[in-house]
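Take a look at the structure shown here.

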Amino acid sequence: MIARLAIVTYLLLFSAALHAETLVVTADRMVDVLEGRAIDNPVVVVTDGRIVSVSSGEVPADLPEDAERLDLAGMTILPGLIDMHVHLTTTPRIGGFRRLNYTDSFWTTLGVPNARAMLESGFTTVRNVGADDYADVALRQGIEAGFYPGPRIVAATESFGVTGGHCDRNGLPPSLVDRDGEQGVNGVEAVRLQIRQNRRYGADVIKICATGGVFSRNTDVGAQQMTAGEIRAAVEEAHMLGMRVAAHAHGNAGIRAAIEAGVDTIEHASYLDDETIRMAIDRGTFFSMDIYNTEYTLAEGEANGVLEENLAKERQVGTIQRESFRRSVELGARHVFGSDAGVYPHGTGGRQFARMVRFGMTPLQAIQAATANAAEALDKMGDVGAIAPGRYGDIIAVDGDPLADIAALEDVDIVVKGGELVMDRR
């Protein structure tokens, strides 16, 4: 009986191997983000969604006869990009009090076209850092089940901060807020409970709001709002549950409190001094700085209904944030790519790469921020962030050489996700 079972098992495995789906991708060059170099004439073999080999030169002779070929002559291939700060269930076209014209479930519906726009612009993985009603979990489930296209979603579910702070409902009158009960999360035990609840309903990562923000009402964008104890409790609880923590933090004091507490990524990081930058370097904390979207907000925000209070804060913080970015790059801080898509239109995030280079990065550093660095910050180095054996077959292609002209990433021509060609604009 045991021998018979062994034979059956072997036959099943052999049959599966015979029917494995294989894609072979060739191109003029490949950006190797792990070694920091370009490879000429790459040959990438993907089987059943995972990369099995990466070589240069001739296509291996021992490939299955039914292997598919994707020949990208004249093009450069890169790993699928990772955006570490997106909001899939919102749109910049509806700002301020105009949001009150739409029913609650409307915002979830936006996630379907927004997810597709992100994927087709080359971002095969995104970290969604805040969504009401666990809408990012719903989107993740729909994408994974194949109901509609989109990137791999790392979901934060409900982002949270203190009463009256960023991430609270400061734009509503007391009668509406009080009807729903307390909205802020106050005190160490409340923080721990919120994280456990987020985890229960599908969160992969935790997003806290440690300081004021640009798009909240009645908050000083640089002021610390969560206490050091609350931030530390968030990190302890999340890390115990195996989740990373992102902290919205514009002001230097809040950034330092988050770094000291062990937060994994600092979102925005607008007001930085050298001591705080060096602290981040020493602790291995990543900065996620959205240095493109200020241009869109100041150009289109008023027409979209953004309140003057918020526009004024954007004018205040935009230039300062870019100088902080420049200084942090000079001192050697580690960065991930975070665009804040949703504050500007989804699918146009590639424009941020040129700003990252303008304000101090090399093209390679900017690409690594959206690939290898982001994968490390997500603790997903075995899955995404590089074209390397064992990782998902997430590959994009562009005309030209982005190491020479980073603007090439603003117009992605080919997107492969998990070994499946999902977009071809050649």
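## Helices α7 and α8

In this predicted model, helix α7 (residues 252–261) and helix α8 (residues 274–283) have axes that come within 10 Å. The axes cross at roughly 20°. Angles under 35 degrees count as roughly parallel, and α7 and α8 are therefore roughly parallel to each other. Their crossing is left-handed.

From α7, the contact uses Asn252, Ile255, Arg256, Ile259 and Glu260. From α8 come Glu275, Thr276, Met279, Ala280 and Arg283. By class, the residues of this contact are 4 nonpolar, 2 polar and 4 charged.

## Helices α5 and α6

Helix α5 (residues 188–200) packs with helix α6 (residues 228–240) at an angle of about 35°. Their axes lie 9 Å apart. The crossing of α5 and α6 is right-handed.

On α5, the contact residues are Val188, Val191, Arg192, Ile195 and Arg196. On α6, they include Gly229, Glu230, Ala233 and Ala234. Glu236, Glu237 and Ala238 of α6 also take part. The contact of α5 with α6 has 6 nonpolar, 1 polar and 5 charged residues.

## The second largest pocket

The second largest pocket holds about 610 Å³ of space. It is lined by 27 residues. Closest to its centre are Glu144, Arg152, Ile153, Lys380 and Tyr392.

Which elements give two or more residues to the lining of this pocket? They are α3 (135–144), β8 (152–155) and β16 (420–424). The lining of the second largest pocket divides into 12 nonpolar, 5 polar and 10 charged residues.

Notes: Residues are numbered from 1 along each chain as its sequence is written. This is a predicted model: local features need pLDDT of at least 70, side-chain atom pairs count only at pLDDT 80 or more; totals for chains, interfaces and linings use all residues. Side-chain values use heavy atoms; hydrogens and water are left out. On a 1 Å grid over the protein atoms alone, a cavity is a set of points where a 1.4 Å probe fits but cannot get out, and a pocket is an open set with protein on both sides within 12 Å along at least five of seven lines; lining residues have an atom within 4 Å of a point. Grid points are joined across faces, edges and corners, and a volume is the space filled by probe spheres set on the points. Helices (H or I, at least four residues) and strands (E, at least two) are DSSP runs, numbered from the N terminus. Ala, Val, Leu, Ile, Met, Phe, Trp, Tyr, Cys and Pro count as nonpolar, Asp, Glu, Lys and Arg as charged, and the others, Gly among them, as polar. Axes are lines fitted to C-alpha atoms, for helices over the stretch in contact, and angles run from 0 to 180 degrees between N-to-C directions. Angles under 35 degrees count as roughly parallel, over 145 as roughly antiparallel, 65 to 115 as roughly perpendicular and the rest as oblique. A crossing is left-handed if the near helix is turned anticlockwise from the far one by less than a right angle, and right-handed if clockwise. Contact means heavy atoms within 4.5 Å.
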